[in-house]
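Q: I would like to go through this structure with you, taking its inner spaces and its charged contacts in turn. Could you answer my questions as we look at it?

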Amino acid sequence: MIEFHAPTVADAAWVQPILERCAYPGADYTFYNMYFWEGYYGALAEVDGFVTQALAHSGQLICLYPAGQGDVMPVIEQLHDTARAHRLRLSLRGVTDETREVLETAAPGRFTFTEYRDSFDYIYTVEELCELHGKKLQAKRNHINRFLQEHDDWHTERVTPENLPLCGKMAKLWYAQHPAGREIDNEKIALRRAMEHFEALSLDGLLLFVGDQVAAFSIGGRMHEQYYDVMFEKAFPDIDGAYPMINREFSRMVAKKYPAVRWLNREDDMGEEGLRRAKESYQPTLLLRKYIAEWQEDGV
């Protein structure tokens, strides 16, 4: 039976190499999300060179589709045995069209697949978010131009250990303006962990200032050679253009620091309507479709 454990920063040493070799495009497959969002996604396990994550919920053992090299089915069989030992049904999350095909080929009829729109990742090219070309992004350019016209004293600073506390102070004010809920509560924990381990996990961050006041910040980390995960982005909504401005400037920072990175994964919208509208408004190059794959017991 598989033994799961609560993730710690030390797990990055073995988890990250596995994920980098797999090079999956989904934000589920970053150690950052596995650790920062532990309360949302659960405990970690290493199984025959694969990594997965599991949470028991509503009679199910919900596991991340295992990441690793080689035949994944023996690992999934072990997950199924573990679920049954706890009298739970096995479900796999983070399943994409590509990995769905693997399951359907290896185990025809064994799984049912349910599209999970709230977990679709919004993926953009670096060039698109750096330059905001074209008619479809005219509104974003307009907001940025307004920001530039109204705030000639703006500047950006890369996040360092010295100015990192400014992110926390700004976030505290931002959260005070937004109603609490499960997603917000989990995000607070995730952001705190990101700030606590900013250097250890080689994260990147950018602060946007208006005068000497922080108007926005963004934090992210490289997933693998061509993909980058934009994890946190906060801006004061009453500063017109602050959101598109931090988005553009952070994208430009990533492009300069990591010339090989082609894609920015701005993660999912968690089913939150306002966040969905905001991410759709940038016209994603790819909306990464994901499924929940549920193991069908014999006779079901």
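Q: How much space lies in the largest cavity?
A: The largest cavity holds about 40 Å³ of space. On a 1 Å grid over the protein atoms alone, a cavity is a set of points where a 1.4 Å probe fits but cannot get out, while a pocket is an open set with protein on both sides within 12 Å along at least five of seven lines. Points are joined across faces, edges and corners, and a volume is the space filled by probe spheres set on them. This is a predicted model, in which local features need pLDDT of at least 70 and side-chain atom pairs count only at pLDDT 80 or more, whereas totals for chains, interfaces and linings use all residues. Residues are numbered from 1 along each chain as its sequence is written, and side-chain values use heavy atoms, with hydrogens and water left out.

Q: How many cavities of 30 Å³ or more are there?
A: The count is one cavity of 30 Å³ or more.

Q: Which residues line the largest cavity?
A: Its lining consists of Y24, P25, Y29, G94, T96, E98 and T99; a lining residue has an atom within 4 Å of a point. Three of these residues are nonpolar, three polar and one charged. Here Ala, Val, Leu, Ile, Met, Phe, Trp, Tyr, Cys and Pro count as nonpolar, Asp, Glu, Lys and Arg as charged, and the others, Gly among them, as polar.

Q: And the pockets: what is the volume of the largest pocket?
A: The largest pocket contains about 1100 Å³ of space. Its lining has 45 residues, and E233, K234, E272, L275 and K279 lie nearest the centre. By class, 21 lining residues are nonpolar, eight polar and 16 charged.

Q: Which elements each supply at least two residues of that lining?
A: They are α7 (138-150), α9 (182-196), β10 (227-235), α10 (242-257) and α11. Helices (H or I, at least four residues) and strands (E, at least two) are DSSP runs, numbered from the N terminus.

Q: What about the second largest pocket?
A: The second largest pocket has a volume of about 520 Å³. It is lined by 22 residues, with Y40, I62, R93, Y116 and I292 nearest its centre. Eight of the lining residues are nonpolar, seven polar and seven charged.

Q: Let us change topic. How many salt bridges are counted?
A: The count is 21 salt bridges, each being a side-chain nitrogen of Lys or Arg within 4 Å of a carboxyl oxygen of Asp or Glu.

Q: Which residue forms a salt bridge with R117?
A: The partner of R117 is E280, and the closest N and O atoms are 3.3 Å apart. R117 lies in the loop between β5 (111-115) and β6 (121-125) and E280 in helix α11 (residues 273-280), so the pair ties together parts that are 163 residues apart in sequence.

Q: What does R276 pair with?
A: R276 forms a salt bridge with D118, the closest N and O atoms being 3.0 Å apart. This pair links distant parts of the chain, with R276 in helix α11 and D118 in the loop between β5 and β6, 158 residues apart.

Q: Which residues are linked in a network of salt bridges?
A: R117, D118, D269, R276 and E280 are linked in such a network.
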